[in-house]
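This report reads a protein structure through a few of its local features. Please keep the sequence and the three-dimensional view at hand while reading.

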Amino acid sequence: MDQDKAPPEQAEIRRLANALRGLSMDAVEQAKSGHPGLPLGMADVATVLFSRFLKYDPADPAWPDRDRFVLSAGHGSMLLYSLLWLTGYPGITLDNIKRFRQVDSPCAGHPEHGHIPGIETTTGPLGQGIANAVGMALAERILNARFGDDLVNHKTYVIASDGDLMEGISHEAIHLAGHLKLKNLVVLWDDNNITIDGALSLSETGNMIERFEAAGWRTTVCDGHSAQEVHRALNDAQESELPVLIACKTVIGFGLPTRAGTQKAHSDAPGAEEIAGAKKALALPPEPFALQDGVLDAWRKIGTRGKAVRDAWNGRKAKSDKAKDLDAVLSGAIPAELGKALGELKAKLAAEKPNAGTRRTSEKVLEVVNGVLTTTVGGSADLTPSNNTKTKNITDIKPDHYDGRYVHYGIREHGMAAAMNGMALHGGIIPYGGTFLVFSDYCRPAIRLAAIMGIRVVFVMTHDSIGVGEDGPTHQPVEHLAALRAIPNLTVIRPADAVETVEAWEIALNHTTGPSLLVFSRQDVPTIRPAGAENLTAKGAYEIAGAEGAHVTLLATGSEVSLAMQARDLLGKDGIAARVVSMPCWSLFEQLSETDRDAVLGKHTVKIAVEAGVREGWDRYIGPHGRFVGMHSFGASGPYKDVYKHFGLTPEAVAAAAKEALKAKN
Ligand SMILES: Cc1ncc(C[n+]2csc(CCOP(=O)(O)OP(=O)(O)O)c2C)c(N)n1
Ligand SMILES: [Mg+2]
C-alpha cells in the first residue's frame, strides 16, 4: 500500500519480528512438536510484508479486494498463527496458540483453511501453496478484467521454502504463472540452504534465480534479515509487469544459539536451553508466551492500517454500477435459471436419445452452463479436444488478456488442479478442468486438498476405462475409480448416459462444500434414461430398469449400465427376472437411509456388479452371494469392443455370472 514508501527502521522491524519468534518457539516447545526453523528465519520478512505492504483488514478478513497471503511452506504454521493473532484476526486467541497442535485448537499442525479467518488455503504438502497462489493470482486478473482496477486489484504473496520449489508441481506452477504474466504474484523464497536432511547441497545444485527467469519471472535477491533490503525488494515488486521472485537469504532458526543455520532448527522442540539462549539474544522476556512491553499494541495498530484502504474500496464500490454484479459473482450462487435450462436440455436429450460418449454430452451441457453462468472458468491439461471442455461461447485467457474464460493449462495436470483450487478459494470463479481419468493420479494431491478444504472445484476426467481402446493399459484407468472413491468428501460421479450427464453437472455446480469429479466415457453409449424432472443421479443409485419378481439385481455405473441392460434382456429370455440399478455416485448413495439403500439394492436379490474397473469397494454392495464382473488386471491395447470381450466384460458373461450366483445360492 503506497502510504508506506519510506523504508522501515531495522530495530522496529526486529522488535516486532521477535514477537513472532517468541510465540513460535514457545508454542512448539509447549506442543513438544512443530517447526520453529521457518518462523524464526522468516519473521523479519513477514513483518515487513504485514506491516508495510500486505493489504488486509482483520476486521473483515474476507474483504474481497484484500491481498492473499499463502504460507506455502505450511510446516511454518506458527508464523502464520502468530501473525494472525498479533494483527487482531478474529477466531484465534493466545490460548489457541498455547494449545498449538492440540485437537481442540484451531492452530493445527499445518494451516487449515476454515480453521481461522486469514488462512487462505490449507498447506503442508510442499508445493501446493505456490500452485494455489497461481490460481488466486489468475482469478484476480480474470475478475480485474471484468470489474476494473477500482473494484479488483490485489496481489497474492507467497512464502515458499526450498522444499516448495523443489517439488515438481512448482515447475508447473512457475511456468504457468510466467506464461500468463501474473504480475500480481510475489513469491518470497525462504532461501536458507537447509532442508531436513541437511545442507541443500546434498540434493540441489541448480540455480533457482535462473530457473525463475527462464520461466518469465522477474527476480531479485535480498538479505531476509535486513528490513531495508526486504522493503526495497517488495517495493520494487509493486509495479512489476511480471510475476516476482524475491530470494530472501535467511538463517533457519534465527536466534537459536546452537541450532540456527542447521537442519536441527527445522523441526522439533528446541529445548529449554536453546530457548533461553534465543530469548536472551532477541531481547525477549524469558517467560513462555510473554511479549515485550508495547509490542502487542504495536502489532494491533499494524492490523488497523488496512481499514482506510478498505473504507475507500467500499466507497468506490458504493458508487459503482458494477457493484451488484460483483456481489452476485462473489456469492457463488447458481441462478435458478440454470436449473431450468438444464431441465430443458435433459428433456431434449431424453427425447433425442443420442448414442454418444458422455464426454461429448458433457460439452453440450457445458455449452448451456457457460451460457447461463458467467463464473465458470474452464480448462484442460492440453486435452481440450478430447476432454470436450471448451465450448463455443467462451474464449481463451491469454497473457495480458484475462477477459476469456478458458485456460490452456498445458501438460500440467498437477499444477492445473492446484490452480483450480486457488481460483475457487479466491472466490468469484467456479473452476472446472479436464484430463484423462488415468492421469487423475497426477492431480491427486490437489484433489485431496480440495476435498479436505471442502471447496467447489469440478474435475473433469474423460476416457474413463478400458473403453479408451487402442491407447492401451497406460491410458486405461482400472484402479482409479476405487482410488478416487476412497477420498473422503470427494463426489465422484460416473454417469451412464446423456441424461445422467446433465444431472451430474447439475449436482457438481450446486455442490458448494466439496469438489466433484465427473467421469466421462470416450466411447459412445446409448441413452437409456427416460425423461423426468427429478435428478435421480442425486440419489447416487436408482433402479433404471425394473423386473416383476426379480431374483437378480445388476449394479453398474457409466458405460457398463448399457451392458447390464443387455444382460438383463438375455436373462429375461431364459426366464430370469433381473432389474438394473445405475449407481453413478456411491458417496451420494451412502447418504440415503438404510431402508432406501436396501430397496434400491434389492435386499433379497442376488447382486451382480458390472464395472470396467477393479473390484475394490463393490463387495459392500454385492454381499457374500454376489458376483463381480470387471477388471482384475491392467487393460490391453486394441479396439475397445475387442478389449471388453478380451476381459470378459460382455452381456453374456454378466448373464452367466448371474445364473451361477443364483445356482450357488439355491
Ligand atoms: C510433499 C511433501 N513432501 C515432504 C514433506 C515433509 N517435509 C516437510 S518440510 C520438508 C523440507 C524442509 O526443507 P525446506 O522446505 O527448505 O524447509 P525449512 O527446513 O527450510 O523450513 C519436508 C521434506 C512435505 N511436507 N510435503
Ligand atoms: Mg530450507
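How far is the sulfur of cysteine 222 from the closest cysteine sulfur? The model examined here is a predicted one. In this model the sulfur of cysteine 222 lies 4.0 Å from the sulfur of cysteine 248, the closest cysteine sulfur. A disulfide is a covalent bond between the sulfur atoms of two cysteines. For a pair to be counted, the two sulfur atoms must be within 2.5 Å. The separation between cysteine 222 and cysteine 248 is therefore too far for a bond. Under this rule, the count of disulfides is 0. Cysteine 222 has a relative accessibility of 2%, so cysteine 222 counts as buried. Cysteine 107 is buried too, its relative accessible area being 0%.

## The surroundings of ligand 1

Ligand 1 is surrounded by 15 residues, and the closest are His75, Ser161, Gly163, Asn192 and His266. By type, this shell consists of 6 nonpolar, 7 polar and 2 charged residues.

Specific atoms of the protein approach oxygen atoms of the ligand. In histidine 75, a polar side-chain atom is 2.8 Å from an oxygen atom of ligand 1. In serine 161, an N or O atom of the side chain is 2.6 Å from an oxygen atom of ligand 1. Isoleucine 194 takes part through its backbone, where a polar atom is 2.9 Å from an oxygen atom of the ligand. On its own, ligand 1 has 570 Å² of accessible area, and the protein covers 74% of it. Two or more residues of the shell come from helix H6 (162–166), and two or more come from strand S4 (194–195).

## Helix H1 and the residue after it

Helix H1 runs over residues 10–31 and has 22 residues. From its first C-alpha to its last, H1 reaches 31 Å, close to the 32 Å expected at 1.5 Å a residue. An α-helix has 3.6 residues a turn, so residues three or four places apart point the same way. In H1, 16 of the 22 residues are buried, and the helix is thus mostly covered. Just after H1 comes lysine 32, which takes a positive phi of about 60°.

## The loop between H10 and H11

Are the residues of this loop described below buried or partly exposed? Alanine 283 is found in the loop between helix H10 (272–281) and helix H11 (295–302). Its phi is near 55°, a positive value in a residue other than glycine. Alanine 283 is described as partly exposed because its relative accessible area is 48%. Phenylalanine 289 lies in the loop between H10 and H11 as well. Phenylalanine 289 also has a positive phi, near 65°, and is a residue other than glycine. Phenylalanine 289 is buried, with a relative accessible area of 9%.

## Separations along the chain and in space

Two residues can be compared by their separation in sequence and by the distance between their C-alpha atoms.

| Pair | Separation in sequence | C-alpha to C-alpha distance |
|---|---|---|
| Asparagine 235 and proline 7 | 228 residues | 9.3 Å |
| Alanine 538 and alanine 504 | 34 residues | 7.8 Å |
| Valine 186 and valine 369 | 183 residues | 34 Å |
| Phenylalanine 254 and leucine 509 | 255 residues | 47 Å |

The residue named at the start of each row can also be placed in its element. Asparagine 235 belongs to helix H9 (residues 227–237). With a relative accessible area of 23%, asparagine 235 is partly exposed. Alanine 538 is in the loop between strand S13 (516–519) and strand S14 (542–545). Alanine 538 is likewise partly exposed, at a relative accessible area of 38%.

Valine 186 is part of strand S3 (residues 185–191). Its relative accessible area is 0%, so valine 186 is buried. Phenylalanine 254 occupies the loop between strand S7 (244–249) and H10. Why does phenylalanine 254 count as buried? Its relative accessibility is 18%, and the term buried applies under 20%.

How values were computed
Residues are numbered from 1 along each chain as its sequence is written. Chains are lettered from A and ligands numbered from 1 in the order in which they are written. This is a predicted model: local features need pLDDT of at least 70, side-chain atom pairs count only at pLDDT 80 or more; totals for chains, interfaces and linings use all residues. Side-chain values use heavy atoms; hydrogens and water are left out. A residue is near a molecule or strand if one of its heavy atoms lies within 4 Å of it. A polar contact is a pair of N or O atoms within 3.5 Å; within protein, one must be able to donate a hydrogen and the other to accept it, and residues adjacent in sequence count only if both atoms are side-chain atoms. Accessible areas come from the Shrake-Rupley method with a 1.4 Å probe; for residues, only the protein chains shown count as cover. Helices (H or I, at least four residues) and strands (E, at least two) are DSSP runs, numbered from the N terminus. Ala, Val, Leu, Ile, Met, Phe, Trp, Tyr, Cys and Pro count as nonpolar, Asp, Glu, Lys and Arg as charged, and the others, Gly among them, as polar. The expected span of a helix is 1.5 Å times one less than its number of residues. Buried means under 20% relative accessible area, exposed over 50%, partly exposed in between (1.4 Å probe, protein chains only).
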